[in-house]
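Student: I'd like to go through this model with you, starting at the ligand. Can we take it one question at a time?

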Amino acid sequence: MVVPASDRLGKLPPYLFAAIDAKKKAARDRGADIISLGVGDPDLPTPARVIAAGQAALARAVNHQYPFGAGLLAFRQAVAAWYKKRFQVELNPETDIHALIGSKDGLTHLPLAFLNPGDVALIPEPAYPAYNASVILAGGETYFLPLLRENNFLPRLETVPADVLKKAKLLYVNYPSNPLSVMAPASFYEKVIAFARTNNVLVIHDAAYSEMYYDAPPLSFLQIPGAKDVGIEFHSCSKTYNMTGWRIGWVCGNADAVKTLGKLKDNFDSGVFQAVQEAGVEALTGPQDDVAEMRRIYRERRDIFVQGLRGLGWDVVNPPATFYVWAKPPKNISSARTAERLLEESHIVCTPGNGFGPSGEGYVRFALTVPRPRLEEALERIAKIVW
Ligand SMILES: Cc1ncc(COP(=O)(O)O)c(C=O)c1O
């Protein structure tokens with residue numbers, strides 16, 4: 001007997017990256033030399049100092065047991081010290097920080113901890129698809145706020161209708177943005193805090209890309225006065241230290257909200273592998289030259305790719321941060337068709353923009369996760385497409 005999937009699961013759109021991966025594999029099986037700019041997974045290795053710390057921690061028997069709870073105090077202290085140094089924000093390691101199995105773990109469990117059926121989550125889009133999926137799985141409802149160029153890709157909070165506001169419990173914010181690559185100014189976060197106070201919503205700021213910037217460093221939401229009263233911030237070692245496979249991140253900010261999420265997680269998992277937490281301590285507290293080098297490499301890739309695409313007539317959002325390039329081809333065609341033509345005619349994998357939400361229609365997202373010569377090769381191939 002085959003038991004069908006739950007109605008809950010049936011409500012989800014197909015997982016964006018799984019579909020792309022399947023197409024990529026099929027093309028590779030046909031012998032195509034694929035340049036994969038689809039999933040945002042760094043090609044660069046984890047820094048040697050972090051690997052060494054992880055190896056040493058792996059050998060310690062104390063790390064072989066269930067980790068449980070909010071994480072090693074040493075990890076939470078490392079997070080607090082990093083926040084103080086990077087953002088001048090004070091966090092109490094005992095109450096304000098919880099280790100996560102990657103930030104996705106916390107982000108996707110969060111709606112189950114805060115939403116009752118029918119409650120609304122306000123999600124600006126295009127956005128990381130996991131926000132909407134986890135709201136649906138929790139029985140919540142999503143109200144999308146379009147992120148448009150004419151508004152500097154910031155949501156217009158004043159447009160949320162009163163009946164939606166009554167049911168709203170969560171507001172998601174993500175800058176630097178995946179997939180848009182843009183950042184937000186302090187004045188926007190001030191508006192978000194006032195909005196959250198007035199409407200009694202919890203702000204969830206996803207700062208997974210805070211260290212992948214090219215000019216002015218992005219702000220932490222928690223730097224803005226009053227933020228800790230209304231919100232929490234998600235961070236990750238994944239992109240900053242090329243540690244996507246290790247699965248380590250954290251949530252921090254409002255102590256009550258951190259505790260509520262922790263209570264939910266106690267019922268789902270048994271914590272972050274301690275050896276990985278120890279590697280995380282090294283990542284956050286050791287010399288940060290490797291992060292500067294990462295920025296240098298991505299900047300070079302960004303400059304080549306953005307200039308190249310623009311030279312080919314593409315409309316490209318200038319990325320001040322992240323390793324994503326958000327772009328439209330020279331002719332007005334759908335995201336799906338653009339992605340299809342790039343794969344079929346150039347053997348280039350990208351992500352169709354509409355997969356991140358309706359306002360992404362017409363765009364595609366490229367992840368700069370291949371070395372410079374491959375990006376140059378990609379541009380040469382794209383140049384041959386007649387749009
Ligand atoms: C905006 C955003 N947030 C969170 C994540 C999750 O990252 P991780 O679970 O590896 O910390 C990603 C991953 O791509 C992302 O793009």
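**Around the ligand**

Tutor: A polar side-chain atom of arginine 247 lies 2.7 Å from an oxygen atom of the ligand, where a polar contact is a pair of N or O atoms within 3.5 Å; within protein, one must be able to donate a hydrogen and the other to accept it, and residues adjacent in sequence count only if both atoms are side-chain atoms. The protein covers 92% of the 400 Å² of accessible area that the ligand has on its own (Shrake-Rupley method, 1.4 Å probe; for residues, only the protein chains shown count as cover). Keep in mind that this is a predicted model: local features need pLDDT of at least 70, side-chain atom pairs count only at pLDDT 80 or more, and totals for chains, interfaces and linings use all residues. Residues are numbered from 1 along each chain as its sequence is written, and side-chain values use heavy atoms, with hydrogens and water left out.

Student: How far from an oxygen atom of the ligand is the polar side-chain atom of lysine 239?

Tutor: Tyrosine 209 also puts a polar side-chain atom by a ligand oxygen, at 2.7 Å. For lysine 239, the distance to a ligand oxygen is 2.8 Å.

Student: Which helix gives the most to the shell around the ligand?

Tutor: The ligand is surrounded by 15 residues (a heavy atom within 4 Å). By class, 5 are nonpolar, 6 polar and 4 charged (Asp, Glu, Lys and Arg are charged; Ala, Val, Leu, Ile, Met, Phe, Trp, Tyr, Cys and Pro nonpolar; the others, Gly among them, polar). Helices here are DSSP runs of H or I with at least four residues, strands are E runs of at least two, and both are numbered from the N terminus. With 3 residues, the top contributor is helix α5.

Student: Which residue in β13 stands opposite threonine 351?

Tutor: β12 and β13 run antiparallel and are joined by 2 bridges. Across from threonine 351 is arginine 365.

Student: What is the phi of serine 181?

Tutor: Serine 181 lies in that loop between β5 and α8. Its phi is positive although it is not a glycine, at about 75 degrees.

Definitions and conventions: Two strands pair if DSSP finds at least two bridges between them.
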